[in-house]
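Here are some notes on the model you sent over.

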Amino acid sequence: MAYSWDKSLETGNFTIDEQHKSLINAINELLEACSKGKGRTEVSKTLDFLQNYVVKHFADEERLQIQSSYPDYKSHREKHESFKITVKGIAEEYEKGGATIQLVAKVNTSIGGWLISHIKSEDKKVAAHILSR
Ligand SMILES: [Fe+2]
């Protein structure tokens, strides 16, 4: 299953929205590499890219929160930190066991599903806060 960015994911902050589109692309690349049985190098490349992009995106988003004195910064940051741990765990699981059905399911629910609901519930609040200032 591939994810797609649509208006329901729009936060209204240009930087955040553009980075979310790239994140969704990166998740799709990973899912495609896993499901098409691409070799280890290809899957590892998409996993590395995703991990690095997640770090960059969260750092940028957290900077925007600090700059705008976002009141829920601390708890939002904690959600980011635990997601980074989830992604790291999935990367480690891939290194050990390869692209199993269980791994692909985790990519779908714990990475793709998490991101979609995080955008809708948390990031929209951040963007609304920034816009209201
Ligand atoms: Fe976020």
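1. Read from the N terminus, the order of elements is α-α-α-α. Please keep in mind throughout that this is a predicted model.

2. Overall dimensions. The radius of gyration is 15 Å, close to the 14 Å that the globule rule gives for 133 residues, so the chain is as compact as a globular protein of that length. Along the principal axes, the C-alpha atoms fill a box of roughly 50 × 25 × 20 Å. Of the 133 residues, 22% count as buried. Among contacts with a sequence separation of 6 or more, 68% join residues 24 or more positions apart.

3. The pair α1 and α4. The axes of these two helices come within 10 Å and cross at roughly 175°. An angle over 145 degrees counts as roughly antiparallel, and α1 and α4 are therefore roughly antiparallel to each other. On the α1 side the contact is made by I16, H20, L23, I27, L30, L31, C34 and S35. Helix α4 meets them with L103, V104, V107, I111, G112, L115, I119, D123 and A127. Sorted by class, this contact has 13 nonpolar, three polar and one charged residues.

4. The pair α2 and α3. Helix α2 covers residues 40-67 and helix α3 covers residues 73-97; they pack at an angle of about 175°, with their axes 11 Å apart. That angle makes α2 roughly antiparallel to α3. From α2 the contact takes V43, L47, L50, Q51, V54, V55, F58, E62, Q65 and I66. From α3 it takes Y73, H76, R77, H80, K84, V87, K88, A91 and Y94. The classes here are eleven nonpolar, four polar and four charged residues.

5. The core. Which residues have the most contacts inside the largest nonpolar core? They are I27, L30, C34, V43 and L50, in a core of 17 residues. The elements that give two or more residues to this core are α1, α2 and α4. Helix α1 supplies the largest share, seven residues. As a general matter, nonpolar side chains tend to be buried together in soluble globular proteins.

6. Setting aside neighbours within four places in sequence, V43 is in contact with A33, C34, K38, Y94 and A99.

7. A91. This residue lies in helix α3. Is A91 buried, exposed or partly exposed? A91 has 17 C-beta neighbours inside 10 Å. A buried residue needs 20 or more and an exposed one has 12 or fewer, so A91 counts as partly exposed. Beyond four places in sequence, A91 is in contact with L47 and Q51. The C-alpha atoms of A91 and L31, 60 residues apart along the chain, are separated by 13 Å.

8. S69 is found in the loop between α2 and α3, and its phi is near 50°, a positive value in a residue other than glycine. S69 is exposed, with 9 other C-beta atoms within 10 Å. H129, in helix α4, has 18 other C-beta atoms within 10 Å and is partly exposed.

9. The chain ends. S8 lies in the segment before α1 and is exposed, with 9 other C-beta atoms within 10 Å. S8 and S117 are 109 residues apart in sequence and 11 Å apart in space, C-alpha to C-alpha. R133 sits in the segment after α4 and is exposed too, with 8 other C-beta atoms within 10 Å. From R133 to K96 the C-alpha distance is 47 Å, for residues 37 apart in sequence.

Note on methods. Residues are numbered from 1 along each chain as its sequence is written. This is a predicted model: local features need pLDDT of at least 70, side-chain atom pairs count only at pLDDT 80 or more; totals for chains, interfaces and linings use all residues. Axes are lines fitted to C-alpha atoms, for helices over the stretch in contact, and angles run from 0 to 180 degrees between N-to-C directions. Helices (H or I, at least four residues) and strands (E, at least two) are DSSP runs, numbered from the N terminus. Angles under 35 degrees count as roughly parallel, over 145 as roughly antiparallel, 65 to 115 as roughly perpendicular and the rest as oblique. Two residues are in contact if their C-beta atoms, placed from the backbone, lie within 7 Å. Ala, Val, Leu, Ile, Met, Phe, Trp, Tyr, Cys and Pro count as nonpolar, Asp, Glu, Lys and Arg as charged, and the others, Gly among them, as polar. The radius of gyration is taken over C-alpha atoms; the globule rule is 2.2 Å times the number of residues to the power 0.38. A nonpolar core is a set of buried Ala, Val, Leu, Ile, Met, Phe, Trp, Tyr and Cys residues joined through C-beta atoms within 7 Å.
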